[in-house]
Amino acid sequence: MTIEVEIDTERCTGHGRCYAVASDLFESDDDGYGVVRAPKFANELLDAARRGASNCPEDAITITVVEDP
C-alpha cells in the first residue's frame, strides 16, 4: 500500500497545525504554509498524515490510499 498526501495551496492559509502535530511528514515553507515532506510514502506515516489532516481548519489536506497490485 502506498499513501499519497497533498495540500491544496489554494485552501491553505498557513495556520501551521499540520507541521505542529506531524512534523515527521509536514513542514513549513518560507512563508509559513504547509508543505508535505514526502508526498508518497508507505504505511508507517499514515497516522501522521491523518493527524495533520484532522487538525487542518481549512480541510486543505487530502490523503489517498493506493493499494499495490
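A salt bridge here is a side-chain nitrogen of Lys or Arg within 4 Å of a carboxyl oxygen of Asp or Glu. By that rule, the count in this structure comes to two salt bridges.

Before the details, some ground rules. This is a predicted model, in which local features need pLDDT of at least 70 and side-chain atom pairs count only at pLDDT 80 or more, while totals for chains, interfaces and linings use all residues. Residues are numbered from 1 along each chain as its sequence is written, and side-chain values use heavy atoms, with hydrogens and water left out.

Let me start with the sheet. Helices (H or I, at least four residues) and strands (E, at least two) are DSSP runs, numbered from the N terminus. Two strands pair if DSSP finds at least two bridges between them. What is the order of the strands?

Now the individual pairings. β1 and β5 pair in the antiparallel sense over six bridges. Ile3 stands opposite Val65 in β5. On the other pairing, β1 and β4 are joined, also antiparallel, over two bridges. There, Glu4 stands opposite Lys40 in β4. As a reminder, strands of a sheet pair through backbone hydrogen bonds, either parallel or antiparallel.

Look at the two faces of β1. The covered face has Ile3, Val5 and Ile7. The uncovered face has Thr2, Glu4 and Glu6.

Next, helix α2. I call a residue buried under 20% relative accessible area, exposed over 50%, and partly exposed in between, using a 1.4 Å probe and protein chains only. Helix α2 covers residues 46–54. Which of its residues are buried? They are Leu46, Ala48, Ala49, Gly52 and Ala53. Seen down the axis of α2, these fall within an arc of 160°, so they line one face of the helix. That arc is taken from the directions from the helix axis to the C-beta atoms. The face of α2 turned away from the buried side carries the exposed residues Asp47 and Ser54.

What does the buried side pack against? Contact means heavy atoms within 4.5 Å. The buried residues of α2 pack against β1 (2–7), α1 (17–21), β2 (26–28), β4 (40–41) and β5 (61–66).

Take Leu46 as the example. Leu46 lies in helix α2 and counts as buried, at 8% relative accessibility. Leaving out residues up to four places away in sequence, Leu46 touches Ile3, Phe41 and Ile63. Leu46 and Ile63 are 17 residues apart in sequence and 8.7 Å apart in space, C-alpha to C-alpha.

Back to the salt bridges. In one, the side chains of Lys40 and Glu4 meet at 3.9 Å, N to O. That pair links distant parts of the chain: Lys40 is in strand β4 and Glu4 in strand β1, 36 residues apart. Lys40 is exposed, at 58% relative accessible area. Glu4 is partly exposed, at 28%.

In the other, the side chains of Arg37 and Glu27 meet at 3.6 Å, N to O. Arg37 lies in the loop between β3 (34–36) and β4, and Glu27 in strand β2, so the pair ties together parts ten residues apart in sequence. Both partners are partly exposed: Arg37 at 47%, Glu27 at 32%.

How many disulfides does the structure hold? Cys12 is in no disulfide, and the nearest cysteine sulfur, that of Cys18, is 6.3 Å away. Likewise, Cys18 is in no disulfide. Cys12 is buried, with a relative accessible area of 13%. Cys18 is buried too, at 8%.

Thr9 sits in the loop between β1 and α1. Is Thr9 buried or exposed? Thr9 is exposed, with a relative accessible area of 65%. The C-alpha atoms of Thr9 and Ala60 are separated by 7.5 Å, although the two residues are 51 apart along the chain.

Definitions and conventions
A disulfide is a pair of cysteine sulfur atoms within 2.5 Å.
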